[in-house]
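This report describes parts of a structure for a reader who has not seen it before. The sequence and the model come first.

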Number of protein chains: 2
Amino acid sequence: MVVTVVGLGLIGGSLAISLKENGFAKTIIGVDHNPENIDKAFRRRLLDKTMDLEAGICNADLVIVAIPVDNMVSLLPKILDHVTDQVVIDVGSTKEKILDAVADHPQRNRFVGTHPMAGTEHSGPEAAIPNLFDGKACVLSEVEKSDPAAVALVEKMYRTMDMKLVNMHPKDHDVHAAYVSHISHLSAFALALTVLEKEKNEARIFELAGGGFSSTVRLAKSTPNMWVPIFAQNQENLLDVLDEHINTLAQFRTCLIKKDFTQIYELIEKANSIRKILK
Amino acid sequence: MVVTVVGLGLIGGSLAISLKENGFAKTIIGVDHNPENIDKAFRRRLLDKTMDLEAGICNADLVIVAIPVDNMVSLLPKILDHVTDQVVIDVGSTKEKILDAVADHPQRNRFVGTHPMAGTEHSGPEAAIPNLFDGKACVLSEVEKSDPAAVALVEKMYRTMDMKLVNMHPKDHDVHAAYVSHISHLSAFALALTVLEKEKNEARIFELAGGGFSSTVRLAKSTPNMWVPIFAQNQENLLDVLDEHINTLAQFRTCLIKKDFTQIYELIEKANSIRKILK
């Protein structure tokens, strides 16, 4: 199986490592508009060869597109223009806008919309790591519009990394992703800004920053090049969740002002039931 | 050196492990008002023997008080009542209220106020782990009111665990702790509640929860028995930070409503400079 990876960043690079390692891909062709990324990817041994986009598509059995979601919307139709019998997948963090972009393409059935739910706060070919996807969830969306054999191939691919496959409507995916991923990032960005702002007057503020702070704010290291397009494409859902989150914080605020610590105790006890989700 | 640990939870238990392991303590005496904790602590081999509070103090060279900060305020003066030449320290997450509670005690100079900045989202003797404190920051507060030899002993103890010692005024400590610890917990509790609330209508919401979500929300598993007293004692500082955090989130909200993604890009870029703090 020849797999072409378009976009040699954290996700594309990590897929390249895993699929080569587990034997699903005999050959990895890497495509990236940035020559520096190609160079880094060669030095990290992420790929067997590089080609331009068109050649990368023509020589592949499977094309994985792993680029920011705004570029995805513009590039995917062009990629499908070159497709004959290849299978093309995206791995984007939004699904509705991406699937809309290819909805009427004559080669729509060669395309499978996916979102492997894995990542780190790092980016670029140097951020690619083995086993990033092991055991994580992967959403497949609107598979009914894809050729069943294409879907089967993609399912087989994700199963080689032990991913848990979940079929979900693009609208549902985007709501759920806003809750379990996008708001976490927004919250981390905001928390980092809040503390960095204070640092202007309190130079020693970070002397005490420990494990709890790092864990909550870790995602604030994530690049805007990836996240701004996600926030833009999922703006409505994210705004809903953000409103709810601000309301919840305002509840704590009211309790703090009123010194109603009984109520705060109850809120924290409720929050504790997140234990049933997070092992 | 005989060390008595009052309160055999995450912090007390972990200190008991480290100080026995590195040889600073020859004997660990464990004191806990809850017999179940004593029993668990024996089974985890956290202590050599147990005594009641008074005997635990009389037989110790050093007494470490590791209980929730509300109990700390009421118990510390009683502990100091029994002190002759022992050194007593607290390890509480607030400093002003705790140091106020012992300020006028005749044995004030036998007491050293400390806050080793380490923890996990778990609690109880079963949560005690080795190496919890290694390389972390530890605040000493108002050491000028303590006997220099007592301070030297406490510094020596924390240095056996490679802790970075920081002297800080209690008021400054409480402001800084609100920024780098207490708000992270409050934010995690709120985020957990926001998503749990959604789960009532969307049973599948957690199917997609991955590493980013876990990391941001991990602290929401923390017990209210520890955190409500901290929030109560640090109410004013926490309220200030919470107001700033809500304002920062509201900035993102305004940008999202206006679809001002250039501004969001700039905010995220600024947040990224947290990289200089978090390795």
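## Helix 10 of chain A

The buried residues of helix 10 of chain A pack against helix 7 (170-199), helix 9 (224-233) and helix 11 (261-272) of chain A, and also against helix 7, helix 9 and helix 10 of chain B. These buried residues are A:Asn237, A:Leu238, A:Val241, A:Leu242, A:His245, A:Thr248, A:Leu249, A:Phe252 and A:Leu256. A residue is buried if 20 or more other C-beta atoms lie within 10 Å of its own, exposed if 12 or fewer, and partly exposed in between, with C-beta atoms placed from the backbone. Helices (H or I, at least four residues) and strands (E, at least two) are DSSP runs, numbered from the N terminus.

The 24 residues of helix 10 (residues 235-258) of chain A should span 34 Å at 1.5 Å a residue, and the end C-alpha atoms are 34 Å apart, which agrees. The expected span is 1.5 Å times one less than the number of residues. Just after this helix, A:Lys259 takes a positive phi of about 50°.

## Basis of the model

This is a predicted model, in which local features need pLDDT of at least 70 and side-chain atom pairs count only at pLDDT 80 or more, while totals for chains, interfaces and linings use all residues. Residues are numbered from 1 along each chain as its sequence is written, and chains are lettered from A and ligands numbered from 1 in the order in which they are written.

## Contact between the chains

Chain B and chain A each give 82 residues to the contact; two residues are in contact if their C-beta atoms, placed from the backbone, lie within 7 Å. On the side of chain B that touches chain A, helix 7 of chain B gives the most, with 21 residues. The residues of that side divide into 50 nonpolar, 18 polar and 14 charged. Ala, Val, Leu, Ile, Met, Phe, Trp, Tyr, Cys and Pro count as nonpolar, Asp, Glu, Lys and Arg as charged, and the others, Gly among them, as polar.

Chain A has an open sheet of 8 strands in the order 3-2-1-4-5-6-7-8, with mixed pairing. Strand 3 (49-50) and strand 8 (164-167) of chain A stand at the edges with a single partner strand each, so one side of each lacks a neighbour in the sheet. Strand 2 (residues 27-31) and strand 3 of chain A pair in the parallel sense over 2 bridges; pairing requires at least two bridges found by DSSP.

A:Asp48 lies in the loop between helix 2 (35-43) and strand 3 of chain A. A:Asp48 counts as partly exposed, because it has 16 C-beta neighbours inside 10 Å.
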